[in-house]
Amino acid sequence: MKVLVYDQKGSLFELDNPADKTLMQAIRDAGLNITAQCGGCASCATCHVYVDEAWRGKLKPIAETEDAMLDVAEARQENSRLSCQIELSKELDGLIVTLAPGAEF
Ligand code: FES
């Protein structure tokens with residue numbers, strides 16, 4: 001599977017075979033510009049991404065804790081998610097996201 005990630009400057013990166021990890025881990029393993037300060041506990045919002053419209057409905061719904069954390073994230077949009085709360089699987093092959101402002105280190 002693959003995931004397509006635009007960074008905050010608009011550059012596109014293709015992550016190959018990132019299954020069985022979270023989207024945040026895949027982005028971090030690829031060396032992209034994301035802080036993910038809390039390590040994936042949904043308590044920092046520095047793994048904030050925007051999910052491509054075509055993929056929004058294919059993700060699991062936002063949990064209460066994720067929703068509360070996104071409320072304090074910089075520049076929240078309707079398609080905002082915490083990448084540490086997205087478990088990658090074959091069903092998400094081709095997922096497209098953009099790193100949000102405020103997530104960079
Ligand atoms: S890594 Fe901290 S909320 Fe996702």
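In strand 5, L99 is the bridge partner of V49. Helices and strands here are DSSP runs, numbered from the N terminus, with at least four residues of H or I for a helix and at least two of E for a strand. Two strands count as paired if DSSP finds at least two bridges between them. The model is a predicted one, in which local features need pLDDT of at least 70 and side-chain atom pairs count only at pLDDT 80 or more, while totals for chains, interfaces and linings use all residues. Residues are numbered from 1 along each chain as its sequence is written, and side-chain values use heavy atoms, with hydrogens and water left out.

Strand 5 also pairs with strand 1 (residues 2-6), this time in the parallel sense, over 4 bridges. Within this pairing, V3 has L95 as its bridge partner, and V5 stands opposite V97. Strand 5 itself covers residues 95-99, with L95, V97 and L99 on a covered face and I96 and T98 on an uncovered one. In a regular strand the side chains alternate between the two faces of the sheet.

On to strand 2. Strand 1 and strand 2 run antiparallel and are joined by 5 bridges. V5 stands opposite F13 in strand 2. The two strands form a hairpin with 5 residues between them, and in its turn G10 has a positive phi of about 90°.

Taken together, 5 strands form an open sheet with mixed pairing, in the order 2-1-5-3-4. Strand 2 (12-16) and strand 4 (80-82) are at the edges and have a single partner strand each, so one side of each is left without a neighbour in the sheet. On average, neighbouring strands of this sheet are turned by 35° against each other, direction ignored. Such angles are taken between axes, lines fitted to C-alpha atoms (for helices over the stretch in contact), and run from 0 to 180 degrees between N-to-C directions.

Helix 3 lies across strand 3 and strand 4 and runs at about 115° to strand 4. T65 is one of the residues of this helix, which spans 64-71. T65 counts as exposed because its relative accessibility is 53%; the limits are under 20% relative accessible area for buried and over 50% for exposed, with partly exposed in between (1.4 Å probe, protein chains only). The C-alpha atom of T65 is 9.6 Å from that of C41, and the two residues are 24 residues apart along the chain.

The loops come next. D20 is in the loop between strand 2 and helix 1 (23-29). Its phi is near 65°, a positive value in a residue other than glycine. D20 counts as exposed, because its relative accessibility is 76%. A36, in the loop between helix 1 and strand 3, also is not a glycine and has a positive phi of about 50°. A36 is buried, because its relative accessible area is 4%.

S83 is in the loop between strand 4 and strand 5. With a relative accessibility of 0%, S83 counts as buried. Not counting residues up to four places away in sequence, S83 touches T22, L23, M24, I27, I34, C47 and V49, where contact means heavy atoms within 4.5 Å.

L59 is placed in the loop between helix 2 (53-56) and helix 3. L59 is buried, at a relative accessible area of 11%. Apart from neighbours within four places in sequence, L59 is in contact with V51, R81, I86, L92 and L95. L59 and L70 are 11 residues apart in sequence and 16 Å apart in space, C-alpha to C-alpha.

The last topic is the largest pocket. Its lining is made up of K58, L59, K60, R81, Q85, I86, E87, S89, E91 and L92. On a 1 Å grid over the protein atoms alone, a pocket is an open set of points where a 1.4 Å probe fits, with protein on both sides within 12 Å along at least five of seven lines, and lining residues have an atom within 4 Å of a point. The largest pocket holds about 180 Å³ of space, a volume being the space filled by probe spheres set on the points, which are joined across faces, edges and corners. Its lining residues divide into 3 nonpolar, 2 polar and 5 charged. Here Ala, Val, Leu, Ile, Met, Phe, Trp, Tyr, Cys and Pro count as nonpolar, Asp, Glu, Lys and Arg as charged, and the others, Gly among them, as polar.
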